[in-house]
Amino acid sequence: MAIPDQETFKNQWRKAISPYQKSDTRKSIAQLANTLIPYFALLALMVWSLRFPYWVTLLLAIPTAGFLVRTFIIFHDCGHGSFFKSNRANTIVGYITGTLAFTPYERWRHDHAIHHATAGNLDKRGVGDVPTWTVEEFRAAPRWKQTLYRLIRNPIVLFVLSPIPIFVISYRFFTPKDGKKERLSVIYTDLALLGILLLAHFTIGIKAYLLVQIPVMWIAGSLGEWLFFVQHQFPAVYWKRQGEWDYLTSAMDGASYYKLPKVLQWFSGSIGYHHIHHLGPKVPNYNLEKCYTFNPIFQTAYTITPATSLRCTALKLWDEQSQKLVGFPVVKA
């Protein structure tokens with residue numbers, strides 16, 4: 001029996017994913033309701049819990065952060081224009097959910113589009129991805145740069161120390177490369193957050209607001225960073241030079257299927273079906289599981305679980321010879 005060539009597979013991928021690239025307004029509104037209502041209710045409960053020992057508030061921060069992750073997934077879908085059929089509705093909801101996640105909508109949308117357009121391309125790294133060097137680049141770098149890269153790739157830095165600086169601090173500023181739309185989104189988000197601070201000042205107080213919001217942002221940011229990391233940092237991930245790079249192949253081979261327990265899949269908006277998301281960014285999150293279940297062609301993706309994903313933290317460099325991600329010991333060898 002003849003083995004289908006790569007182009008045949010690509011046509012099959014396109015055909016299989018096409019029916020799921022349609023938003024459903026009722027499902028989108030329902031998801032907004034079952035995400036934002038519990039999120040605000042839990043925030044209010046956290047404020048009320050401040051009269052008790054602070055560990056009670058911190059315990060409540062865990063499920064609250066889960067709803068913030070789910071809020072970010074809605075924001076993410078709006079950025080791809082997949083949550084609503086209307087671009088205007090996507091933009092409005094994107095700005096609102098982005099403010100809740102401390103993330104300027106247009107700036108993030110622009111950078112994330114670059115991530116989708118360049119994921120797995122060794123010659124176009126640097127925007128919206130986890131910093132990844134090749135083995136040869138690491139060997140050729142001066143000692144201080146090697147040390148800095150080791151620090152950046154350290155799990156404590158990636159998942160513990162970086163979320164607050166990224167979401168709370170860096171997103172408050174635009175850069176010279178940002179266009180007018182991206183700059184304005186930063187300004188609008190900053191003004192909205194300033195308004196939230198003023199509202200907190202005149203109601204619950206700034207101290208109470210920070211005691212509630214900071215742990216929620218930190219936990220949600222850590223979870224978000226972890227999800228993004230394991231979906232693009234696994235041994236058999238796809239990296240190619242510009243001349244060999246292909247968008248569809250990078251989607252199927254460069255993004256993992258993160259098989260999560262149902263409750264975690266719900267909170268993460270099924271983003272674990274990441275290969276399908278990269279193949280079809282227009283597929284809303286509530287269609288991803290269905291697309292996977294009814295199309296065996298997508299069930300061959302590299303699969304990781306919460307247990308096996310822990311091993312991904314040991315992967316640091318791309319080895320162009322073996323075509324896989326490796327750890328630092330390979331450099332010494």
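**Close-up views of a predicted model**

**The buried side of helix H2.** The buried residues of H2 pack against helix H3 (54–79), helix H4 (87–100), H11 and helix H15 (285–293). This is a predicted model in which local features need pLDDT of at least 70 and side-chain atom pairs count only at pLDDT 80 or more, while totals for chains, interfaces and linings use all residues. Residues are numbered from 1 along each chain as its sequence is written, and side-chain values use heavy atoms, with hydrogens and water left out. Helices (H or I, at least four residues) and strands (E, at least two) are DSSP runs, numbered from the N terminus. Helix H2 covers residues 25–49 and reaches 36 Å from its first C-alpha to its last, close to the 36 Å expected (1.5 Å times one less than its number of residues). Among its buried residues are Leu-32, Leu-36, Tyr-39, Leu-43 and Met-46; buried means under 20% relative accessible area, exposed over 50%, and partly exposed in between, with a 1.4 Å probe and protein chains only. Asp-24 caps the N-terminal end of H2, with a side-chain oxygen 3.0 Å from the backbone nitrogen of Arg-26.

**Helix H5 and what covers it.** Helix H5 (residues 105–118) has 14 residues and spans 20 Å from first C-alpha to last, close to the expected 20 Å. Look here for a run of buried side chains, including Trp-108, Asp-111, His-112, His-115 and His-116. What covers the buried residues of H5 includes H3, H4, H10, H11, helix H12 (247–254) and H14.

The structure holds nine salt bridges, each a side-chain nitrogen of Lys or Arg within 4 Å of a carboxyl oxygen of Asp or Glu. Side chains of opposite charge can pair when their charged atoms come close. One of these bridges brings together the side chains of Lys-177 and Asp-111 (3.8 Å, N to O). This pair links distant parts of the chain: Lys-177 sits in the loop between H9 and H10 and Asp-111 in helix H5, 66 residues apart. Lys-177 counts as exposed because its relative accessibility is 58%, whereas Asp-111, at 16%, counts as buried. Lys-177 also forms a salt bridge with Asp-178, the closest N and O atoms being 3.8 Å apart. Asp-178 is buried, with a relative accessible area of 4%.

**A bridge between two loops.** The side chains of Arg-241 and Glu-320 meet in a salt bridge of 3.0 Å, N to O. Here too distant parts of the chain are linked: Arg-241 is in the loop between H11 and H12, Glu-320 is in the loop between E4 and E5, and the two are 79 residues apart. Arg-241 counts as partly exposed at 28% relative accessibility, and Glu-320 is partly exposed at 33%. Turning back to the previous view, salt bridges that share partners join Asp-111, Lys-177 and Asp-178 into one network.

**Arg-172, a buried arginine in a loop.** Arg-172 is found in the loop between helix H9 (163–169) and helix H10 (180–202). Why does Arg-172 count as buried? Its relative accessibility is 16%, so it counts as buried. A polar atom of the Arg-172 side chain lies 2.9 Å from the backbone oxygen of Phe-167. Not counting residues up to four places away in sequence, Arg-172 touches residues including Phe-102, Pro-104, Thr-189, Asp-190 and Leu-193; contact means heavy atoms within 4.5 Å.

Val-168 has its place in helix H9 and is partly exposed, with a relative accessible area of 28%. Beyond four places in sequence, Val-168 touches Phe-102, Pro-163 and Met-217.

About 1000 Å² of nonpolar surface patch is made by residues including Phe-174, Leu-191, Leu-198, Phe-202 and Ile-214. Patch residues have over 30% relative accessible area and no salt bridge; like charges are joined within 9 Å, and nonpolar side chains (Val, Leu, Ile, Met, Phe, Trp, Tyr) within 5 Å. H10 gives the largest share, seven residues, and H10 and helix H11 (206–230) each supply at least two. Leu-197, in helix H10, counts as partly exposed at 32% relative accessibility.

**Two residues with positive phi.** Ser-270 has a positive phi of about 60° although it is not a glycine. Ser-270 lies in the loop between helix H13 (262–267) and helix H14 (274–279) and is buried, with a relative accessible area of 11%. Gln-323, also not a glycine, has a positive phi of about 60°. Gln-323 is found in the loop between strand E4 (317–319) and strand E5 (324–326), and at 33% relative accessibility it counts as partly exposed.

Notes. Polar contact = N/O pair within 3.5 Å; in protein donor to acceptor, adjacent residues only side chain to side chain. Areas by Shrake-Rupley, 256 points an atom, 1.4 Å probe, with all protein chains shown as cover.
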